[in-house]
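Thanks for making the time.

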Amino acid sequence: MAQINIMKRLAQAIAVVATILTTISPLAAKNLNEDPSEALVRTIAKDLRCAVCQNQSVYESNSDLAKDMLEVIRDKVKAGEKEATIRDYFFQRYGDYIYLEPTKSGMNMLLWFGPIIGLIIGALALISAFKKWKKNSVKTEKSKKEDDKKMQARIDEELKNIEV
Amino acid sequence: MKNSWKIILLLSLVIIMALFAGGLSNNPRDIPSPLVNKPASNFTAPVLNSQETISLADHKGKWVLVNFWGSWCVSCVAEHPYLMQLAKIAEKRDDFMIIGVDFRDTIEGANTFLKRHGNPGYKHAFDPKQKIAIDWGVYGAPESYLVDPTGMIKLKHTGPLYFGWFEKVALPQIQGKTNGSN
């Protein structure tokens, strides 16, 4: 009985593995069959902005310009040009607008570090505000106690007067 | 202390408003070309409706208006009457010429366009895979570049050229150069 159970479990496991393998194999095959230079084409094209569609990369975009730009990248990669040279080719023609991620230079530094600086200033302001609130609340508690004492003294005095 | 925070708040508000105002007045389609004042990239391409080829380098010594267009481009229809007039101006001058670059187009499409809207008469380089257009940093059509006699790009115009553009924009450049060399 135990042996039959083990056999059943094994058959189930084999079925699961076979299903997974048949599902992912077309994807794997696609990557295996592609030209080795295509990986570099993909890396470069994913970093370049499709010039006519605002926020899509050349690799993702379906526009005619992006398709032709991809073709230019492919030609250059096949011609043996280096990644930096190809990126520079587009930069020379379209400026840094062509990069999806702004370069870390010049005014772009403000884009990269501005939010961090803003966050630090905001945190400092919040800390100082909290400190002030805490100070104020301690102060009011103290003055409240003093007020209570004064009030009690007055009440006592009034009561004394009534008794007399 | 209280006042300094108020000043900081006001200053941040002013900065944000200034950035906002700047952003609103900018034209998102008007992306500055890094190619201005740089040597124009040479091209050699087949001439539309001809067996010959055209090369920019062959026209050094003249001011060349390189006009990128396509029969698929709606704004090119609006620009075309002015190009017809500009072609006549170019015919009369020996220091200025026009080269059209018909990109991402078919020969049939281009011919239908020229038949319908008129043929200005100058040569058009045929660039179906937009290799020249990408090499010149072109985003869309129409876009025009004014190249000086030494082969330097002097200005880029994005969008349709308008009536009076030559006198207002190109002529001062051409005359400036003429005066400079005299």
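**Helix H4 of chain A and its surroundings**

In H4(A), the buried residues are Ile86(A), Tyr89(A), Phe90(A), Arg93(A) and Tyr94(A). Seen down the helix axis, the buried residues of H4(A) fall within an arc of 100°, so they line one face of the helix. Please keep in mind that this is a predicted model.

What covers that face? The cover over the buried residues of H4(A) includes helix H2 (38-47) and helix H3 (64-78) of chain A, together with helix H4 (131-135) of chain B.

H4(A) runs over residues 83-94, which is twelve residues, and at 1.5 Å a residue it should span 16 Å. The end C-alpha atoms of H4(A) are 17 Å apart, which agrees. Just after H4(A) comes Gly95(A), with a positive phi of about 75°.

Next, the packing of H2(A) against H4(A). Two packed helices are described by the angle between their axes and the distance between the axes. For H2(A) and H4(A), the axes come within 11 Å and cross at roughly 35°. The crossing of H2(A) past H4(A) is right-handed.

Which residues of H2(A) and H4(A) meet? On the H2(A) side they are Leu40(A), Thr43(A), Ile44(A) and Asp47(A). On the H4(A) side they are Glu83(A), Ile86(A) and Arg87(A). By type, the residues of this contact divide into three nonpolar, one polar and three charged. Ile86(A) belongs to this contact, and Ile86(A) is also one of the buried residues of H4(A).

On to H3(A). It has 15 residues, which at 1.5 Å a residue should span 21 Å, and the end C-alpha atoms are 21 Å apart, which agrees. The buried residues of H3(A) include Leu65(A), Ala66(A), Met69(A), Leu70(A), Val72(A), Ile73(A) and Val77(A). Asp68(A), Arg74(A) and Lys76(A) are also buried in H3(A). The cover over the buried residues of H3(A) includes H2 and H4 of chain A, together with H4 of chain B. Just after H3(A), Gly80(A) takes a positive phi of about 90°.

Now some backbone details in chain B. The peptide bond from Ala141(B) to Pro142(B) is cis, with omega near -5°. Pro142(B) sits in the loop between H4 and strand E6 (143-147) of chain B.

Two residues of chain B have a positive phi without being glycine. For Asn49(B), phi is about 65°, and the residue lies in the loop between strand E1 (44-46) and strand E2 (53-55) of chain B. For Gln130(B), phi is about 45°, and the residue is found in the loop between strand E5 (124-127) and H4 of chain B.

Is Asn49(B) buried or exposed? Asn49(B) counts as exposed, because its relative accessibility is 53% and the cut-off for exposed is over 50%. Gln130(B) is buried, with a relative accessible area of 1%.

One last residue. Ser25(B) is found in helix H1 (residues 2-25) of chain B, and at 61% relative accessibility it counts as exposed. Ser25(B) and Glu143(B) are 118 residues apart along the chain, and their C-alpha atoms are separated by 21 Å.

Notes: Residues are numbered from 1 along each chain as its sequence is written. Chains are lettered from A and ligands numbered from 1 in the order in which they are written. This is a predicted model: local features need pLDDT of at least 70, side-chain atom pairs count only at pLDDT 80 or more; totals for chains, interfaces and linings use all residues. Side-chain values use heavy atoms; hydrogens and water are left out. Helices (H or I, at least four residues) and strands (E, at least two) are DSSP runs, numbered from the N terminus. The expected span of a helix is 1.5 Å times one less than its number of residues. Buried means under 20% relative accessible area, exposed over 50%, partly exposed in between (1.4 Å probe, protein chains only). The arc is that of the directions from the helix axis to the C-beta atoms. Contact means heavy atoms within 4.5 Å. Axes are lines fitted to C-alpha atoms, for helices over the stretch in contact, and angles run from 0 to 180 degrees between N-to-C directions. A crossing is left-handed if the near helix is turned anticlockwise from the far one by less than a right angle, and right-handed if clockwise. Ala, Val, Leu, Ile, Met, Phe, Trp, Tyr, Cys and Pro count as nonpolar, Asp, Glu, Lys and Arg as charged, and the others, Gly among them, as polar.
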